[in-house]
Amino acid sequence: MKQSILDFTLEEIEKQVTQKFRAKQLYNWIYQQNVDSFSQMNNVPKSLREELAKKYLLLPLEILKKEQSRDGSIKYLFKLIDGHTIESVLLKMKDAQYDNEGKLVHHAKFTICVSTQVGCKVGCAFCLTAKSGFIRNLTAGEIVGQVLEIKKDVNIASNRRVNIVYMGMGEPLDNFDNLVKSIEIFRNENGLSISPKRQTVSTSGISSKIKRLGETGLGVQLAISLHAVDDSLREKLIPMNRAYNIASIVKAVKEFPVNTRKRVMFEYLVIKDVNDDINSAKKLLKLLQGIKSKVNLIYFNPYPGTKFKRPSRENMENFQKYLLDRGLLCTIRESKGIDISAACGQLREQELGI
Ligand code: SAH
Ligand code: SF4
């Protein structure tokens, strides 16, 4: 499989060119000028352009399908060069704001949710991505390419920074090296310039790798897909909990270096009659004591063939109120893109006809 130039950090490109400054030029063309081909890089010598074009692809994925939601979110299905497909979502967090004369005051705010693997090994009982098993890791370039393509597709100016959440298909920490590389490529100031503070890695809780991620010193934000407060229930939902139980995750989180202003996010997928009771909220509060955290409650999004059900709004709000009343920050994830196939994996499954 031909490699993409997006697979390389700036330092790696510097090693491949005879004049170091060429690497910055290339980065500028790729990430700031959004070119589609090496031939457009007109301040780079033709011989180098041709050499690179022979060796590398510029963009390793193409848009196969997209679905727009009423709230402005867009879900993308990308095709990789080997024909596999992955999903990414552009989430519109805030609309652009204009003053009375129609002058732009604030730009719209976007978050892009990226995938890190084709499929996933973790096998969570509630997750559609898990159903088709694990196919392969994405390369760093395939992770970065999702953001580049989406920014281009919706004309987000190249200097407008977006936030990144690693919450698409796959378990990011199971593709550790490419994850770290993508974080570095995203943050490079000659490229997309997205500070690690604006990048959130969501994990189902591979404790040993949480520790390793902390040790990289990248300063990335952390989100834990907790979903249950007892090991017995969590094992049923996330089989990997047998190897990495709740206590080991809490320990890893406590040791994780968090930017002083930020909190670790605990995602809690709420499933009707499984984990939506106040007793669970009570245990969750106790579990998170002493951790600078916030809880994000997520409505389970049903799909054909699942035995799980979406919780009632009432239970969801009671759960939230219980935590808020006791001083724990807690939000309910807005059902962005609820009218498109909302949770990750669902657009792909539709396409594959699973
Ligand atoms: N593997 C990582 C990141 C990707 S999963 C992790 O598990 O954290 C992305 C998120 O989608 C997770 O928080 C997961 O709980 C959620 N999710 C999976 N299936 C869902 C569904 N049917 N409805 C709502 N959220 C779902
Ligand atoms: Fe993998 Fe995350 Fe889905 Fe679990 S929820 S199967 S870890 S993608």
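**First stop: a helix**

Select R313 and E317: they sit four residues apart in helix α11 (residues 313–325), so about one helical turn separates them. (Helices here are DSSP runs of H or I, at least four residues, and strands are runs of E, at least two, numbered from the N terminus.) The two form a salt bridge, with the closest N and O atoms 3.4 Å apart; that term means a side-chain nitrogen of Lys or Arg within 4 Å of a carboxyl oxygen of Asp or Glu. R313 is exposed at 56% relative accessible area, while E317 is partly exposed at 36%. (Buried is under 20%, exposed over 50%, partly exposed in between, using a 1.4 Å probe and protein chains only.)

A word on the model: it is predicted, with local features needing pLDDT of at least 70 and side-chain atom pairs pLDDT 80 or more, while totals for chains, interfaces and linings use all residues. Residues count from 1 along each chain as written, chains are lettered from A and ligands numbered from 1 in written order, and side-chain values use heavy atoms, without hydrogens or water.

Now pick E87 and K75, another salt bridge, at 3.2 Å between the closest N and O atoms. E87 is in strand β3 (residues 85–94) and K75 in strand β2 (residues 74–80), so the pair ties together parts 12 residues apart in sequence. E87 is buried, at 0%, and K75 also counts as buried, at 0%.

Finally, select S202: one of its polar side-chain atoms lies 2.7 Å from an oxygen atom of ligand 1. On E267, look for a polar side-chain atom 3.3 Å from a ligand 1 oxygen.

Technical notes
Polar contact = N/O pair within 3.5 Å; in protein donor to acceptor, adjacent residues only side chain to side chain.
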